[in-house]
Amino acid sequence: MDSKISSILEQSSTELLSEWLQLLTSSYRQGVLKEAELREECREFLQAFAKAVQGDRLDSIQGPQWSDVRDILTHMSRSRSQKGFTPSETAMFVLSLKQPLFERLRQQWSDRSHELLDEIWQTTTLLDRLGLLTTEIHQKTRDEIIIRQQEELLELSTPVVKLWHNILALPIIGTLDSARTQIVMESLLQKIVETGSEIAIIDITGVPTVDTLTAQHLLKTITAARLMGADCIISGIRPQIAQTIVYLGVDLQGIITKSTLADAFALALRRTGTQIHRSDVK
Amino acid sequence: MERIPILQMGDFLLVTIQVDMHDRLAMTLQDDLTNRICQANARGVLIDISALEIVDSFIGRILGNIAKMAKVLDAQTVVVGMQPAVAITLVELGLSLEGIRTALNVEKGMNLLRTGFDPQSAPHLFPRG
């Protein structure tokens, strides 16, 4: 079967392009995308599209002849997603091609309504599929951005700081879930090896709640540090958390706790044999 | 047969594990070490496991046992240089090696042995005052 869209795309690609562009520029927000850029995208897409519809399989966009079209759309959706376009704006890129295309079909086939309907149906399914593809990629790009930001936040929120020679501190801010505690644990232990620190202060002043799992993770971290030859001090336990810990029956035996980071630091200094004197200089 | 060398430094025995421990090797080490503690009348044993990347529950238990046996023979044991991944694995396996002293590296381990685990007589890292 010889497809009619194929011949339309061949005969009147220039008119199609200009009509399509007009539709796109009217629906897009101004200034976000340069017109020349958009024109280039459209031209590329039409070229690839015209080549793809020459094949005989028009019911699926998975075939090898569609790979160019898919590549162009993937690239387009990614850049749209990163520029902050909405999914519908991204999908409109493909879907707005329908209007000029159907207009042409109608002009050529107005005398044979039955075949016209068939042809329109086939074309609309095809373009819908391509539109869905853009939405999918748009969403995927967004998800990737969110995951990357999550990871960055995780890294940012668990800094291991060196307070003094042989003394590390790990101020934890925010809720401790399992994934986060895992990262906290690994980065602390890694830093202990790197710096050869004997004492690590885990400050949980910024932690609003502690559940059994978190407490267990903390205990595991402390035990692991002890196995490596470093001691841990927990500081900044809020009264509410102290109550929870006791109610939960978490055993903190053998673990040094101090109320403030300053107390913990003072103890750590004493343990490493350091003394600080305040001289009353006028 | 493959053996892990045991070095003697004064009153102390020094064991550096450089190869992957398999069960047989660990058992041999346990035998050799207890014998050497008696022969040399050693006061301390330092086991450096910084080259080990994998420690399973069996090796973990052997380490624990070696420490207990040494204790019976009146020698202290210090395990040094455990990698973070190894420490995490042991904790996840539920082995906290109670009764074993640990240090970050050989130098700190030797210091620990020399001071006889008495924190009061620990050498100061910084001059006081």
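Relative accessible area is classed as buried when under 20%, exposed when over 50% and partly exposed in between, computed with a 1.4 Å probe on protein chains only. The model is predicted: local features need pLDDT of at least 70, side-chain atom pairs count only at pLDDT 80 or more, and totals for chains, interfaces and linings use all residues. Side-chain values use heavy atoms, with hydrogens and water left out, while residues are numbered from 1 along each chain as its sequence is written.

**Salt bridges: overall count**

- Over all chains, the structure holds 15 salt bridges, a salt bridge being a side-chain nitrogen of Lys or Arg within 4 Å of a carboxyl oxygen of Asp or Glu.
- In general, side chains of opposite charge can pair when their charged atoms come close.

**A:Glu19 and A:Arg104**

- A salt bridge with an N to O distance of 3.1 Å links the side chains of A:Glu19 and A:Arg104.
- Because A:Glu19 belongs to helix α2 (residues 13-27) of chain A and A:Arg104 to helix α6 (residues 98-109) of chain A, the pair ties together parts that are 85 residues apart in sequence.
- Helices here are DSSP runs of H or I with at least four residues, strands are runs of E with at least two, and both are numbered from the N terminus.
- A:Glu19 is partly exposed, at 27% relative accessible area, whereas A:Arg104 is buried, at 12%.

**A:Glu40 and A:Arg43**

- The side chains of A:Glu40 and A:Arg43 form a salt bridge of 2.9 Å, N to O.
- Both residues lie in helix α3 (residues 35-52) of chain A, three residues apart, so about one helical turn separates them.
- A:Glu40 is partly exposed at 35% relative accessibility, and A:Arg43 is partly exposed at 33%.

**A:Arg80 and A:Glu41**

- A:Arg80 and A:Glu41 join their side chains in a salt bridge of 3.1 Å, N to O.
- With A:Arg80 in helix α4 (residues 67-83) of chain A and A:Glu41 in helix α3 of chain A, the pair ties together parts that are 39 residues apart in sequence.
- A:Arg80 is buried, with a relative accessible area of 0%, and A:Glu41 is buried at 16%.

**A:Thr274**

- A:Thr274 is located in the segment after α11 (261-271) of chain A.
- The relative accessible area of A:Thr274 is 8%, so this residue counts as buried.

Methods:
Chains lettered and ligands numbered in written order.
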